Amino acid sequence: MIVRNPKGVVLGDELLVPMFAHAICAGFPSPADDFLEDAVDVARLLITNAPATFLWRVDGASMTGVGIFDRDILVVDRSLEPRDGDVVVAIVDGERSLKRLTLGARPNLAFANSRMPVYELPDLVDVEIWGVVTWNLHRLRAIRR
Amino acid sequence: MTPKAFALIDGNSFYCSCERVFDPGIAHRPVIVLSNNDGCAVARTSEAKALGIKMGDPYFKIRDLCRAGRVAVYSSNYTLYGDMSRRMNAVYDQFATDVEIYSIDESFLDLSGYAPADRRELAQDLRSTVRKWTGVPTCVGIGPTKTLAKVANAIAKKELDLAGVCDLSDPVERAIRLDRFPVEDVWGVGRASTAKLAALGVNTAGDLTRLDPKLARKPLTVVGERIIHELRGMACLDLEMVTPQRKGIAVTRSFGRPVTTLDALLEAVSAYAFRAGEKLRRHGLAASHLTVFAHSNLFNGDAPFSASMTEGMIEASSDSLVLIAAASRGAQRLWRPGAKLAKAGVILDDLVRAENVPAALIGGRDREKAARMMAAIDAVNAKHGRGSVTSAAVGIRKAWQTKFEMRSPRYTTRVDELPAARTG
């Protein structure tokens, strides 16, 4: 076992959302001052291992059963070991696809849409798990054109 | 003092490997990446090498071969390669405290703190972590000097049974391997010196270690002695952790098609001057003069034209608008009607730290105001992509712009160019 000397992971540009709307106070100091904490960093929430994390775009509607819709943005971490039930970016015969991984008697990749037939992985197919999806960024408010 | 240990890690066919990470359809196909303006091959996978494609082959000469061999051809996508390089170096930081980024795809790591017996396993661990996290395959060379780490890396690349790691720490194994290593592949030995070395009976790196260092001065200049000491295992070079202050900045491009009007040349050099200003500001530097150059294609029979002009500025500046004004003056002075320009550039040397710039007595500008405006422009461009805000002098259509006809998407840095995963 080799002991490493990690410096920790450096995140990219940080996007800070202040937790306290701390108004300028000319008279008495704010009673909240003692309770001030660091701002919540959304990037830090979504990205735990920056060098291994990539964003992907969803193309298609066959994963709505797990709350993933067409055009959503996925946070994909390559450093994670895939577990049973994970949504993964999988390379199936050279195609980039989004599937749900099941690790039963034999590993399988499935759609998550009740209207779609169960996808059985053919035997002689070349499959590679590219990365594990950790978050889905789904925009609720429509963009006005 | 404990002996030093250096590792050199680099990406295998780095640019091609970056393309393969996001385009798995080309995993088993030959891949090449072309230089700026789709000029010549600058990166090749082993499958492309096997087809006979050489480093630097002009694309127009190998186009038919590429088509016949089903080669995947890409324009260079430096935005993507730079981001992948940044990620790889973030992984290296987890394995070593001291890392020197030597080039976009090569870094030296100081492994002196690890027990010699652990280093090979550590290197394998490093390779598999980089592969898993970023998708890029690498090779690692280890040695008591940087020059030996470079040699070891080249051996790891060539000899596939080494599984990507070669350690030249052991003197016995090192002597055997150096005797088989061609001297022209040693770091710092140029092609010109190879013939001179052969005349002295030096054909391998092993031969070079047995040469009297004083005799090496003639074929290898003053660096020759250093190369011999380094090959013998005496470290002369340490990691360069801090990039030395840049002495000059150049922004030069080949045109997508020949530039034949002064207006187009003015647009192009304005764009280069704007970009040069961005680079200056990022490094906290200022320039006191600026050189513009332009020349015709020197190989295709066009009327030869080559000229350069240097313009001084009243005070050293990093203000893109000041640089554009100087570049435009220079371009106007060097322009000759009828010229067919293939390439132009803007060069800034004699750089000073921005805070040390003496103010001009007469004709100086309101520097604070200009600095605020440039900072605002840089902030907008950082957020919305380079070129979102620029000077109108740069033009809109940019007919002169470099060709990147086969560039892949900037997968990792643009929200509108993310890789897509089909759910079906």
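Colleague: What volume does the largest cavity have?
Modeller: About 40 Å³. A cavity here is a set of points on a 1 Å grid over the protein atoms alone where a 1.4 Å probe fits but cannot get out, and the volume is the space filled by probe spheres set on the points, joined across faces, edges and corners. This is a predicted model, where local features need pLDDT of at least 70 and side-chain atom pairs count only at pLDDT 80 or more, while totals for chains, interfaces and linings use all residues. Residues are numbered from 1 along each chain as written, chains are lettered from A in the order written, and side-chain values use heavy atoms, without hydrogens and water.

Colleague: How many cavities of 30 Å³ or more are there?
Modeller: The structure has 1.

Colleague: Which residues line the largest cavity?
Modeller: B:Ser85, B:Met88, B:Asn89, B:Tyr92, B:Ser103, B:Ile104, B:Asp105, B:Glu106 and B:Ser107, lining meaning an atom within 4 Å of a point. Two or more residues each come from α4 (78–95) and β6 (106–110) of chain B; helices (H or I, at least four residues) and strands (E, at least two) are DSSP runs numbered from the N terminus.

Colleague: Which element gives the largest share of that lining?
Modeller: α4(B), with 4 residues.

Colleague: B:Glu106 is in that list. What does B:Lys150 form with B:Glu106?
Modeller: A salt bridge, with the closest N and O atoms 2.7 Å apart. B:Lys150 sits in helix α6 (residues 146–158) of chain B and B:Glu106 in strand β6 of chain B, so the pair ties together parts 44 residues apart in sequence. The rule asks for a side-chain nitrogen of Lys or Arg within 4 Å of a carboxyl oxygen of Asp or Glu.

Colleague: How many salt bridges are there over all chains, and how many across the interface of chain B and chain A?
Modeller: Over all chains, 22; across that interface, 2. A:Glu81 and B:Lys132 meet in a salt bridge at 3.8 Å, N to O.

Colleague: What area is buried between chain B and chain A?
Modeller: About 3200 Å², 53% of it from carbon and sulfur atoms. Buried area is the accessible area (1.4 Å probe) that two parts lose on being put together, summed over both. In chain B, B:Gln94, B:Trp133 and B:Thr423 lose the most area to chain A, together 22% of what that side buries.

Note on methods
1 Å grid on protein atoms, 1.4 Å probe; cavity = no way out; pocket = protein on both sides within 12 Å on 5 of 7 lines; lining within 4 Å.
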